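Please look over the sequence and the 3D structure below. A short briefing follows, grouped by topic.

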Amino acid sequence: MTVPVLRRPLASGLPWVSGLRAHAERPALVTARSTTTYADLADRVESLASRLAGPRRLVLVEGGATPDTVVAYLAALGAGHVVLLAASGAGGAAPRLQADYDPDIVLGAEGSVEVLREQSAHDLHPDLALLLSTSGSTGSAKLVRLSWANLAANAEQIAGYLDIREDDCAAMTLPLTYCYGLSVLNTHLAAGASVLLTDLSVVDECFWDLFREAGATTFPAVPHTFELLERSGFAQRDLPRLRYVTQAGGRMSAERVSRWAATGRERGWDLYVMYGQCEATARMAWLPPHLALEHPGAVGLPVPGASIDIEEGEIVYRGPNVMLGYAERPADLALGRTTTELRTGDLGRITDGGLLQVVGRRARFVKVLGHRVDLDALEERLRGEGHDVRCAGRDGLVVVVVGDCGPPVDVVRRAALRACGVPRDALRALVVDEHLVLGSGKPDYPAMLRLADDAPAENADASTGGEAGVARLYATLLHRRHVADDASFVSLGGDSLSYVEVSIRLEELLGRLPAGWHVMPVAELETLRRDGASPTGAPAAPAGRWRSMESGIWLRSLAIILIVGTHAGLFSLQGTANALLVIAGYQLVRFQLGVSGRAARVARITRAAARIAVPALAVIVPAHVLGGYYETRNLFLANWVFGEERLGQPWRFWFIEALVLGLVLTACLNAWRRGHRLEQRYPFAFPLTLTLLAFVLLRLPLLPLPVPRMHGSALVVLHLFLLGWTLARVSTPRQRRWMTVVAVVLIGTFSFNPARDGLTLAFVLVLLWLPVTRVPAVLVPAAKVLASASLFIYVIHWQALEVLWGRPVPAFVASMALGLAYWWVWTRVVEPVTAARLARRRDARGRHGDQMSRKTSMVAPRALRRSARSS
């Protein structure tokens with residue numbers, strides 16, 4: 001889709017081009033031989049720009065790590081031309097791109113100027129500013145078209161979260177023709193900082209001598225750079241001015257991120273893990289350094305002003321730095337914007353803490369004899385076992401091993417076969433002296449395949465695999481006909497009502513329940529199942545008298561027992577209904593907010609509200625119509641609006657009303673575009689602010705309310721639901737400590753009844769500090785059933801109490817039994833029948849749609865002919 005062109009100023013909007021003189025005599029470019037001040041750089045740029053003055057043209061800038069390249073790049077932009085930046089020298093892309101795109105001017109890496117024509121041979125779109133090769137093309141005719149606005153926006157985004165200062169100096173360890181390296185140059189010149197230009201490698205001692213002499217404070221790195229740093233003893237180097245290191249250019253293993261983040265913390269510098277693509281100018285997401293140790297598998301939050309969604313497993317990015325589109329031929333340079341979003345080709349997921357994780361590439365999956373293999377996952381697993389490998393695939397697999405370190409190649413081959421489960425004839429293991437990498441430092445997978453083509457096939461050991469079971473489990477418990485490999489519990493519509501049974505059954509299948517299981521793809525869980533299988537293929541059963549269980553499960557079980565026992569008069573332990581409301585808000589984040597995209601979230605939250613309201617109304621309506629219980633307002637769950645300020649039957653369902661109100665409010669916030677963006681950008685601060693506002697404005701008697709002010713009023717207890725939302729977003733020890741204080745204040749002052757508020761607080765602090773606990777294995781089945789049935793027990797136990805009031809033990813037993821029976825009927829009969837009917841209805845609509853599509857395809861040509869005649 002082509003969108004309207006937005007006219008924007010040219011280089012005047014790029015501070016690293018137009019604002020050089022603002023930094024006067026500060027150093028701008030540093031080399032081993034000289035230092036160029038901003039004033040000197042401005043003089044050189046203005047001089048060359050005057051030579052390039054004239055009609056707008058296509059300028060090829062041959063890039064190298066020299067001040068001449070920087071001057072040529074800035075001058076061409078300053079003169080308003082379109083810059084085609086390409087690497088020079090042997091193996092560089094410049095010769096190929098010059099032949100493909102026929103530039104009007106060529107600026108050589110050593111300062112040469114070749115004006116081939118005074119008028120451009122091309123139709124250049126006014127928004128077009130820069131052309132770069134994509135990270136994987138390296139000389140292919142396919143280029144990324146970037147606008148002036150793209151460049152300005154991404155530089156501002158990056159400078160904002162990196163806090164680049166005037167006294168910073170970035171050591172350029174990456175080519176300027178690579179979008180990552182170019183972004184370092186742009187952002188540092190825009191901030192008045194300096195850039196160290198060098199061709200030296202990080203394994204060269206001279207590089208670090210120059211680094212110290214220049215007073216460098218940062219350098220960019222790709223995963224391959226960190227491998228080189230490990231070999232060169234970087235962790236022991238004395239670099240007193242080093243402030244931070246950035247990492248992008250490919251996914252780095254969580255183990256390596258943890259190790260380097262810990263090294264940085266020990267040595268006094270920060271590690272910024274980032275995620276980007278050339279198609280997004282450079283950066284799309286960043287991980288705050290303080291989260292790197294706790295979330296080493298994440299790449300963080302969207303850069304300011306942008307958003308990231310997961311659509312069918314793929315990461316989709318939207319922001320002001322998304323490219324205009326691709327160019328594959330000179331005629332494409334006349335195009336305006338042809339895309340408004342970037343479908344990255346990366347597979348990802350959003351963690352419970354709102355952080356983005358990249359889990360693989362769509363193109364990094366291969367099928368071998370019908371067996372689907374994730375090359376990224378295979379590579380990461382083998383490296384986690386201590387094997388220094390790269391994995392590439394086409395019709396089979398290739399494992400490339402560094403020959404001078406690590407175990408013999410046969411050992412690695414057997415490990416790879418065990419990991420991916422392909423036939424041994426479909427896997428080859430090769431030995432190389434050094435890993436094959438591109439100029440950007442990324443793995444050169446095509447070169448590995450070419451190497452494999454030239455190598456003889458090798459034998460391998462047989463591998464074992466197991467029959468899939470996770471997909472069948474999900475299909476059965478979530479009432480799904482088909483479960484794809486990349487589906488997760490959350491994406492299949494799992495919620496707090498179904499997660500109890502699924503989590504228990506999944507643990508029985510896997511032998512252990514991994515953290516974040518609810519957002520893990522089925523394929524990944526299936527891999528864990530195979531890894532934990534016994535030689536016979538049966539899953540390893542949990543051993544011992546104790547089992548690990550999510551605290552939310554047994555807390556729900558205990559809470560419903562205490563609620564019913566208190567209402568029956570068996571004992572008096574109040575406060576657990578308030579705790580259940582906090583737990584409900586906590587589960588909201590894990591399931592309803594575990595998907596991305598406003599529409600998906602709103603639909604998921606609305607369904608959750610319906611799954612709570614409908615079973616409740618299925619009890620309330622018959623009780624009112626047939627037995628005369630409750631009031632008309634209860635039929636709409638609106639007693640909190642129209643009720644009286646005195647206790648009685650109508651207030652029995654205050655908990656259901658509060659829960660539904662919390663979900664409806666959350667749905668509205670996510671339907672509101674700005675609310676959705678705020679939640680995405682500030683996943684912890686946003687719900688915390690809502691919690692405090694609800695407490696001050698609705699809970700405290702500071703302002704009059706238009707509804708009854710009762711302890712059970714949905715508005716008065718709304719802050720408890722929001723508190724649970726906030727607790728689920730806690731991601732650091734500091735946030736956990738702060739939320740402990742907040743919980744003590746908000747809950748400890750609720751009723752000023754120490755016993756009641758203390759019990760609520762105890763439940764909440766267990767949820768906050770001990771999300772997973774060990775419980776006696778013998779209690780697991782009962783906890784599972786009670787937690788799953790807690791909603792149904794709550795809504796129907798009042799009817800049993802009406803009959804057996806004054807007889808505590810029979811009332812308690814009857815209430816629990818009636819609630820369990822109601823749960824069984826609803827989940828084993830009502831829901832499956834309803835799901836089957838909906839599936840048949842969808843199938844019928846699908847068949848009808850296919851028939852209409854065939855009719856439309858026949859009618860459309862006639863309509864088009866009529867339209868053409870009328871025109």
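His188 is in contact with Tyr38, Ile164, Asp168, Ala170, Ala193, Ser194, Val195, Thr218 and Tyr244, leaving aside its neighbours within four places in sequence. This is a predicted model. The points below begin with His188 and then turn to other places in the chain.

**His188 in helix α6**
- His188 sits in helix α6, which covers residues 179-190.
- Its relative accessible area is 3%, so His188 is buried. The cut-off for buried is under 20%.

**Thr566 in helix α16**
- Helix α16 covers residues 551-568, and Thr566 is part of it.
- Thr566 has 16% relative accessibility and therefore counts as buried.
- Not counting residues up to four places away in sequence, Thr566 touches Phe571, Ser572, Leu573 and Gln574.

**Glu294 in a loop**
- Where is Glu294 placed? Glu294 is in the loop between β14 (283-287) and β15 (301-302).
- Glu294 counts as partly exposed because its relative accessibility is 36%.
- In sequence, Glu294 and Ala261 are 33 residues apart. In space, their C-alpha atoms are 9.9 Å apart.

**Helix α5**
- Helix α5 runs over residues 148-162, which makes 15 residues.
- At 1.5 Å a residue, α5 should span 21 Å. Its end C-alpha atoms are 22 Å apart, which agrees.
- Which residues of α5 are buried? They are Trp148, Asn150, Leu151, Ala153, Asn154, Ala155, Gln157, Ile158, Tyr161 and Leu162.
- An α-helix has 3.6 residues a turn, so residues three or four places apart point the same way.

**Helices α13 and α14**
- Two packed helices are described by the angle between their axes and the distance between the axes.
- Helix α13 (residues 470-477) packs with helix α14 (residues 499-510) at an angle of about 160 degrees. Their axes are 11 Å apart.
- That angle makes α13 roughly antiparallel to α14, because angles over 145 degrees count as roughly antiparallel.
- The crossing of α13 past α14 is right-handed.
- From α13, the contact uses Val470, Leu473, Tyr474 and Leu477. From α14, it uses Glu501, Val502, Arg505, Leu506, Leu509 and Leu510.
- By class, this contact of α13 with α14 has 8 nonpolar residues, 2 charged residues and no polar ones.

Methods:
Residues numbered from 1 in each chain as written. Predicted model: local features only at pLDDT ≥ 70, side-chain atom pairs only at ≥ 80, totals over all residues. Heavy atoms only, no water. Axes fitted to C-alpha atoms, helices over the stretch in contact; angles between N-to-C directions. Helix = DSSP H or I, 4+ residues; strand = E, 2+ residues; numbered from the N terminus. Parallel < 35°, antiparallel > 145°, perpendicular 65-115°, else oblique. Left-handed = near helix turned anticlockwise from the far one by under 90°. Contact = heavy atoms within 4.5 Å. Nonpolar A, V, L, I, M, F, W, Y, C, P; charged D, E, K, R; others polar. Expected span 1.5 Å × (residues − 1). Buried < 20%, exposed > 50% of the residue type's maximum accessible area, 1.4 Å probe, protein only.
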